[in-house]
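Student: Could we go through this structure together? I would like to begin with the terms.

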Amino acid sequence: MRIGILSMQKIPNYGSFLQAFSLKKQFEKRGHEVYFIDIEKGRQIVKSKTESSSILLKLDRYALTRLKNYFFYRKMIKIHQNDYLTFLNTQKRLPEGEMFDVVLIGSDEVFNAAVPSAWGFTPQLFGKVDCAKHVVSYAASCGQTTAEIVKNLNVDKEICDAMSRLELISVRDDNTYDFVVSLTNREPLKNIDPVFLTDYSEYIPKTTWKKPYMLVYAYGNRIDDENEIHAIKAYAKEEKIDILCVGMQQRWCKNNITASAFELLSYVKNAACIVTDTFHGTVFSIKYNKQFVSIIRDSNRNKLTDLLKNFDLCDREVTQSRELPSKMKAAIDYNKVNEILTTKQDEAFACLGEICERGAL
């Protein structure tokens with residue numbers, strides 16, 4: 001059977017790559033041939049906040065730091081490109097005129113229509129796929145988008161029409177569940193992110209960092225609040241551990257490290273503790289049973305609070321920097337967490353099995 005995965009696999013982001021790789025491996029284990037489908041360009045329905053990317057925009061005492069950040073970012077782009085070309089084989093194409101047995105939309109924020117993106121709003125991501133006999137979604141997410149927002153943008157009917165093509169709808173979080181129910185009056189399945197489903201061990205190299213360290217995993221320079229920075233540094237100093245930022249730099253951190261996706265997982269596995277403010281940073285922490293905290297912001301609240309609630313880990317939420325030390329030190333009952341994970345993995349494997357059965361019809 002030929003399966004097409006319509007996702008965000010070419011975005012320079014560890015989570016996007018690893019969830020796509022996981023889905024590919026899961027279907028290949030079941031004996032199927034996997035392709036990746038590029039997102040069709042749609043139309044812009046929200047305005048983008050444009051900022052100049054010129055490194056010479058401002059010459060001040062931070063100019064050298066900005067220059068270093070620029071070259072760090074350019075190097076990471078090449079690393080991400082190498083990952084998806086090497087491990088996803090994204091250049092592989094179905095012969096012209098032929099059909100996929102199944103096209104799977106997901107995972108990641110494929111339903112996040114109300115944010116600026118390179119492709120804009122495209123009904124393709126909601127199910128309008130012509131090159132497939134069957135179309136489904138798996139662990140799709142709206143991110144910050146809600147049913148109310150798309151109604152205000154007057155694209156709710158287009159989305160509803162596109163989603164009528166979906167024979168099976170699987171979502172990742174409560175916000176997306178509510179989104180689907182509101183627009184289509186259908187109750188979707190709710191499944192965990194694909195990163196939880198695959199053992200990456202054979203691809204993970206050994207970590208070369210010799211000292212104990214805290215891994216700070218956040219979008220580039222997003223940890224810029226002085227209180228947050230102070231809390232992170234103070235905790236590391238108290239515990240006598242280094243601070244590493246891998247793949248995404250923070251200007252205040254001395255150890256900003258470039259790494260492939262599997263090198264990142266090596267840093268995750270060997271970290272003494274993890275501070276993150278991202279969905280996949282939290283997924284990595286749970287997957288590898290790490291001591292961690294997740295910083296909650298307005299931009300990540302929908303995703304992170306839902307994820308932590310699902311694993312009974314709401315006590316890992318940090319909303320004020322002064323909470324960080326005590327929450328980081330609090331023990332995590334990973335026996336309980338792993339029991340929950342096993343149940344959710346079984347549900348996910350059953351969902352993937354059903355998708356394969358539909359494709360065989």
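Tutor: Two strands pair if DSSP finds at least two bridges between them. Helices (H or I, at least four residues) and strands (E, at least two) are DSSP runs, numbered from the N terminus. This is a predicted model, in which local features need pLDDT of at least 70, side-chain atom pairs count only at pLDDT 80 or more, and totals for chains, interfaces and linings use all residues. Residues are numbered from 1 along each chain as its sequence is written, and side-chain values use heavy atoms, with hydrogens and water left out.

Student: Which residue is the bridge partner of Val-136 in strand 5?

Tutor: Leu-168 is that partner in strand 5. Strand 5 covers residues 166-168 and runs parallel to strand 4, with two bridges between them.

Student: And which residue of strand 4 stands opposite Leu-104?

Tutor: Leu-104 stands opposite Val-136. Strand 3 (residues 100-105) and strand 4 run parallel and are joined by five bridges.

Student: Why is strand 4 said to be largely enclosed?

Tutor: Strand 4 (residues 132-137) has five buried residues out of six, so the rest of the structure largely encloses it. Buried means under 20% relative accessible area, exposed means over 50%, and partly exposed lies in between (1.4 Å probe, protein chains only).

Student: New topic: what is the strand order in the open sheet of six strands?

Tutor: The order is 10-9-8-11-12-13, and the pairing is parallel. Strand 10 (256-257) and strand 13 (317-318) are the edge strands, each pairing on one side only.

Student: How many bridges join strand 8 to strand 11?

Tutor: There are four bridges between strand 8 (residues 213-217) and strand 11 (residues 273-276). Tyr-217, for instance, has Thr-276 of strand 11 as its bridge partner.

Student: Where is Ser-294, and is it buried or exposed?

Tutor: Ser-294 is in strand 12, and it is buried, with a relative accessible area of 0%.

Student: What does its side chain make a polar contact with?

Tutor: The side chain of Ser-294 makes a polar contact of 2.8 Å with the side chain of Thr-282. A polar contact is a pair of N or O atoms within 3.5 Å; within protein, one must be able to donate a hydrogen and the other to accept it, and residues adjacent in sequence count only if both atoms are side-chain atoms.

Student: What about Asp-298: buried or exposed?

Tutor: Asp-298 is exposed, at 68% relative accessibility. Its place is in the loop between strand 12 and helix 9 (301-310). The side chains of Asp-298 and Arg-301 are joined by a polar contact of 3.4 Å.

Student: Where is Ala-331?

Tutor: Ala-331 is in the loop between helix 10 (324-329) and helix 11 (334-360). Ala-331 is exposed, with a relative accessible area of 69%. Not counting residues up to four places away in sequence, Ala-331 touches Gln-291 and Arg-316; contact means heavy atoms within 4.5 Å.

Student: Finally, at what angle do helix 4 and helix 5 pack?

Tutor: Helix 4 (residues 156-163) and helix 5 (residues 174-184) pack at about 95°, with their axes 10 Å apart. That makes helix 4 roughly perpendicular to helix 5. Angles under 35 degrees count as roughly parallel, over 145 as roughly antiparallel, 65 to 115 as roughly perpendicular and the rest as oblique. Axes are lines fitted to C-alpha atoms, for helices over the stretch in contact, and angles run from 0 to 180 degrees between N-to-C directions.
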